[in-house]
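Trainee: I am new to this one. Can we go through how its features get their labels?

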Amino acid sequence: MVAAAYDKTLEATTMRFSISQRLTVPVEGRTETIEATGEGVTTLDGRTMRLKGNVTQVGDYEGMVLDGIEYIRYADQEKLSLPPGKTWIRFDLSALLGMGINDFAGPSGSDPRQGLSFLHGVVGEPRVVGEEDIRGVHATRYTLVVDPEKAAVERPSAAAKMLSASIATKTFPADVWIDSEGRIIQMAYSITVKEMTGNVAGSSITVGNTVGFFDYGVPLGDITPPPADQVEDLTDKIRNSSRQGGGSATG
């Protein structure tokens, strides 16, 4: 049922999504919790996306993805210390693949398709938990076990391989909600990410995600990049900071 629902979900070209993300991060001998929420609309291939949300410690943001380039603007501009006249930050997502926490968290990690890719790695038989209503839609909830390495083998790509290698456990539990039309309308999972550049030595990060999918086939509307003179490209700064051992690229 879950495999068929994955295939059914892929029939859509666009969808609205919601994402709720909670990270537990070790910082200087203590644990810090970061929460991120957002809602938006996306193509299923993730090449075009628009979203708005909130990240604790940073505040409200709006963002878009166009041809693999992400643009983000935070409501509290002072926290980013951008040059005068710059209100947007820009990332080349393909250039930053594997650079660290960016693959999992915050606006750059809020790719709603990421969880769906894990369904290539389901091991054993999913178990029915019960019936629930999600956003007013009746759905069946299943619990299952995911092997991220298997997911990377079943659907090989650079992103899948990097994601699999970054997860600290062999398997992890997940839940999916499937509607009466056989489509996935929600997925929830929690993963432990291995020590990454810039983290405390020997530490790991726990990432919990709940992602909702709805309004399949919705029009994207007009999504255009911000004026170039308002954009600060941080791709190289983040990449260099990661290679040198961490630190914030926006602080």
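**Reading the labels**

Mentor: The protein has an accessible surface of about 12200 Å², and carbon and sulfur atoms make up 49% of it. Such areas come from the Shrake-Rupley method with a 1.4 Å probe; for residues, only the protein chains shown count as cover. This is a predicted model, where local features need pLDDT of at least 70, side-chain atom pairs count only at pLDDT 80 or more, and totals for chains, interfaces and linings use all residues. Residues are numbered from 1 along each chain as its sequence is written, and side-chain values use heavy atoms, with hydrogens and water left out.

Trainee: How many helices and strands are in the protein?

Mentor: Five helices and 12 strands. Helices (H or I, at least four residues) and strands (E, at least two) are DSSP runs, numbered from the N terminus.

Trainee: What does the side chain of threonine 9 reach?

Mentor: The backbone nitrogen of isoleucine 184, at 3.1 Å. A polar contact is a pair of N or O atoms within 3.5 Å; within protein, one must be able to donate a hydrogen and the other to accept it, and residues adjacent in sequence count only if both atoms are side-chain atoms. Leaving out residues up to four places away in sequence, threonine 9 touches Met15, Leu44, Leu116, Arg183, Ile184 and Tyr216. Contact means heavy atoms within 4.5 Å.

Trainee: What makes strand 9 and strand 10 a pair?

Mentor: Two strands pair if DSSP finds at least two bridges between them. Strand 9 (residues 172–179) and strand 10 have five, in the antiparallel sense.

Trainee: Why is the pair of phenylalanine 118 and phenylalanine 172 called edge-to-face?

Mentor: Rings of Phe, Tyr and Trp (its six-membered ring) pair if their centres lie within 6.5 Å; planes under 30 degrees apart count as stacked, over 60 as edge-to-face and the rest as tilted. The structure holds four aromatic pairs. In this one, the centres are 5.0 Å apart and the planes at 80 degrees, so the pair is edge-to-face. Phenylalanine 118 lies in the loop between helix 2 (113–117) and strand 7 (122–134) and phenylalanine 172 in strand 9, so the pair ties together parts 54 residues apart in sequence.

Trainee: What makes the pair of phenylalanine 172 and tyrosine 189 tilted?

Mentor: Its planes are at 45 degrees, with 6.0 Å centre to centre. Tyrosine 189 is in strand 10, 17 residues from phenylalanine 172. Ring pairs link Phe118, Phe172 and Tyr189 into a cluster.
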